[in-house]
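This briefing covers one protein chain, from selected residues to the overall fold. Please read it alongside the sequence and structure shown below.

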Amino acid sequence: NRITLESLSEKKNLLENQLTNKIIIKGMLNREVKCVTKILNDTRWKQAIELFVMMRIIPDKGYENKELLPSTNKSNQKSRVTLTGVSTILGFPLPNNGKYDGAPIMIITTALTHICHLVDCLSTVLNIQLPHRINPFTDN
């Protein structure tokens, strides 16, 4: 079993070709992974934007309650609640400045529930692990 110089040279060339092919394939796979990752990220951002559109977040629209609410003053008259300079989500005022004197607690609670639901949906769509679990549909 003599190993000739020619057979060693052939084996060396064969191994070099295999290595070159593996490097080429690895480069092609890396390009494909980057392309698919970009498509996935673009799709996630589109879905996130669709969530904002679905939740109808309108900045600084203001809010006026259409129903007559019991007043907090002593005359027991019914009054309308009007909040200005606030954003809304699905038609409910967002508590962004903390000045909600006279605003019904259920309206504020509903807006915060919608915000929790939006954050929960966004974390799912964008594949982001939140540090704490959000459950928007509990009474607590």
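Asparagine 127 is exposed, with a relative accessible area of 56%; buried means under 20%, exposed over 50% and partly exposed in between, with a 1.4 Å probe and protein chains only. The model is predicted: local features need pLDDT of at least 70, side-chain atom pairs count only at pLDDT 80 or more, and totals for chains, interfaces and linings use all residues. Residues are numbered from 1 along each chain as its sequence is written, and side-chain values use heavy atoms, with hydrogens and water left out.

**Asparagine 127**
- Asparagine 127 lies in the segment after H2; helices (H or I, at least four residues) and strands (E, at least two) are DSSP runs, numbered from the N terminus.
- The phi angle of asparagine 127 is near 55°, which is a positive value in a residue other than glycine.
- Most residues other than glycine have a negative phi.

**The helix pair**
- Two packed helices are described by the angle between their axes and the distance between the axes.
- Helix H1 spans residues 5–54 and helix H2 spans residues 105–125; their axes come within 9 Å and cross at roughly 165°.
- Such axes are lines fitted to C-alpha atoms, for helices over the stretch in contact, and angles run from 0 to 180 degrees between N-to-C directions.
- H1 and H2 are therefore roughly antiparallel to each other; angles under 35 degrees count as roughly parallel, over 145 as roughly antiparallel, 65 to 115 as roughly perpendicular and the rest as oblique.
- The crossing of H1 past H2 is right-handed, meaning that the near helix is turned clockwise from the far one by less than a right angle.
- On the H1 side, Arg44, Gln47, Ala48, Leu51 and Phe52 meet Leu118, Cys121, Leu122 and Val125 of H2, where contact means heavy atoms within 4.5 Å.
- The residues of this contact comprise seven nonpolar, one polar and one charged; Ala, Val, Leu, Ile, Met, Phe, Trp, Tyr, Cys and Pro count as nonpolar, Asp, Glu, Lys and Arg as charged, and the others, Gly among them, as polar.

**Residues within the helices**
- Glutamine 47 belongs to helix H1 and counts as partly exposed at 37% relative accessibility.
- Although glutamine 47 and cysteine 121 are 74 residues apart along the chain, their C-alpha atoms are separated by 9.9 Å.
- Histidine 114 is placed in helix H2 and touches Met55, Ile89, Leu90 and Phe92, not counting residues up to four places away in sequence.
- The C-alpha atoms of histidine 114 and leucine 90, 24 residues apart along the chain, are 8.0 Å from each other.
- Cysteine 116, also found in helix H2, is partly exposed with a relative accessible area of 29%.
- Cysteine 116 and isoleucine 134 are 18 residues apart in sequence, and 6.6 Å separates them C-alpha to C-alpha.

**The chain as a whole**
- The protein chain contains two helices and seven strands, arranged along the sequence in the pattern α-β-β-β-β-β-β-β-α.
- Of the 140 residues in the protein chain, 21% are buried.
- Among contacts with a separation of 6 or more, 42% are between residues 24 or more positions apart.
- The protein chain exposes about 11,500 Å², of which carbon and sulfur atoms supply 58%; accessible areas come from the Shrake-Rupley method with a 1.4 Å probe.
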